[in-house]
Amino acid sequence: VIATSARTGTHLQQLRDARNPGETCDALGVLALEATGDEEATDAIGELSGKTHARSERLCAVSALEKVHSGASDSYLANLVDDGDRWVRDAALHALAARAADDSDARSAVLAAAHSDDRDTRLEALIALGEAHLPEASALLQTAIASETGDAKEHLIAALGETRDPAAVSSISAMIDTGSTETRSAALEALGSIGGDAALKVLEDKLASGSREDALAAARALARTGDPAAKQALLDATASASVPEKLAAWQALGQLDGDDVKATMKGGLASSDPRVAAAAAAWYGAHADASSVPELAAMLGTAAPNARGSIVTVLARLGGDGARDALAAAARAGGVDQGVALENLANMPGGRDEARRIAMGLAKGGGQNASTALAVLAQDASPEAREALVSIARGGGENASSAMSQLAQRGDPDAMRSLSDLARTAK
């Protein structure tokens, strides 16, 4: 046994002095990093996993024991696999499984639990073994899946995928043809976890010929494999004549990056299909940076009318001087994206003044985006915006009542006085 160091002794004392569960958990997290080989420290952590303590403290103790690599910590965790508190039991099973690949005692404890007479303990042990990527769990999981239904079956299928056992592809593929929608989705995701040529073939076939739900699940699974062939299959599917296949591929590519994906998304922004344009815009919002602003700004002038709103949204997310200038140009130019461009410009850092100037002209001139311009002025706390609303209200016309309504929504004292003056003038 290694003697307790002065440093570890200090942290042991902090654990003993803890006044509430939060302090206890903090102290456990620190002590766990130093407790391997220290019997006193390990026992202090293990004692807190006992039934006399609050669940929150017990769970923190289990998490700490997982970090302590010793036979003593294995014993404490093994004593919890049949605990009456389901949360503590499950945490102990997963802690043991996480080190089972290199720890024979931990592996034996979880495998024993996987044969337990208690169904809940047995299933959770199997799931823990699968999530720990242990191939020997594959056969046990396949046997259990055959007798389960509903959520339990789907969790087991997901765990089977996490074993990454190529030999499981055949049995998982059979579930895709015979299971419920939820089972099929879980099976397709599991194939994505396993990967390999056989799994990719099944996923590509289901992407091309499955229902909308199956196509979406297959596309997500292909994206998560990290396999270049799977990525290419998704890129190819964006041009498919099958709507479910095409849309599933566009959505799944949102998880991926690379010049090839970016080139595809650039084309998608200009698509006349609003669903494709929206998927491309979402990709740019998540993956693009300021270097994309010039090409996106140029696309505003050439994209299909129903795609411009998506480009405007992406530019607003990216921000910066170039994006702000592009939105200002779109807001001044008119067209179907004018209102969206004006709203986004007003909400961008540094865009409020230009948005106000454009909104003042639009509101006074009337037209289809006058209401948007009035709303932008109403949200602008500047005296110039208030005076513009007063001027429009005083001038009469189709937007006078809307301008008065927007003044009322501002609610500030100056706006209220302006409304009072307008009311007196009207009399």
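User: Are Trp-283 and Tyr-284 buried or exposed?
Analyst: The model is a predicted one. Buried stands for under 20% relative accessible area. Trp-283 falls in that class, and so does Tyr-284, so the word for both is buried.

User: What kind of aromatic pair do Trp-283 and Tyr-284 form?
Analyst: The ring centres of Trp-283 and Tyr-284 are 5.1 Å apart, with 85° between the planes. Planes over 60 degrees apart count as edge-to-face. The pair is therefore edge-to-face.

User: Which residues is Leu-296 in contact with, leaving aside its neighbours within four places in sequence?
Analyst: Leu-296 is among the residues that touch the most other members of the largest nonpolar core, which has 136 residues. Helix α14 (residues 212-225) gives the largest share of this core, eight residues. Outside its sequence neighbours, Leu-296 is in contact with Leu-269, Tyr-284, Ile-311, Val-314, Leu-315 and Leu-318.

User: Why are the buried residues of α7 on the same side of the helix?
Analyst: In α7 (residues 104-113), the buried residues are Ala-106, Ala-109, Val-110 and Ala-113. They lie on the same side of α7 because the arc they cover around the axis is only 90°.

User: Which helices do the buried residues of α7 pack against?
Analyst: Ala-106, Ala-109, Val-110 and Ala-113 are the buried residues in question. Their packing partners are α5 (71-78), α6 (86-98) and α8 (119-131).

User: Which backbone nitrogen does a side-chain oxygen of Asp-103 reach at the start of α7?
Analyst: The oxygen belongs to the side chain of Asp-103. It comes to within 3.1 Å of the backbone nitrogen of Asp-105.

Definitions and conventions:
Residues are numbered from 1 along each chain as its sequence is written. This is a predicted model: local features need pLDDT of at least 70, side-chain atom pairs count only at pLDDT 80 or more; totals for chains, interfaces and linings use all residues. Side-chain values use heavy atoms; hydrogens and water are left out. Buried means under 20% relative accessible area, exposed over 50%, partly exposed in between (1.4 Å probe, protein chains only). Helices (H or I, at least four residues) and strands (E, at least two) are DSSP runs, numbered from the N terminus. The arc is that of the directions from the helix axis to the C-beta atoms. Contact means heavy atoms within 4.5 Å. A polar contact is a pair of N or O atoms within 3.5 Å; within protein, one must be able to donate a hydrogen and the other to accept it, and residues adjacent in sequence count only if both atoms are side-chain atoms. Rings of Phe, Tyr and Trp (its six-membered ring) pair if their centres lie within 6.5 Å; planes under 30 degrees apart count as stacked, over 60 as edge-to-face and the rest as tilted. A nonpolar core is a set of buried Ala, Val, Leu, Ile, Met, Phe, Trp, Tyr and Cys residues joined through side-chain atoms within 4.5 Å.
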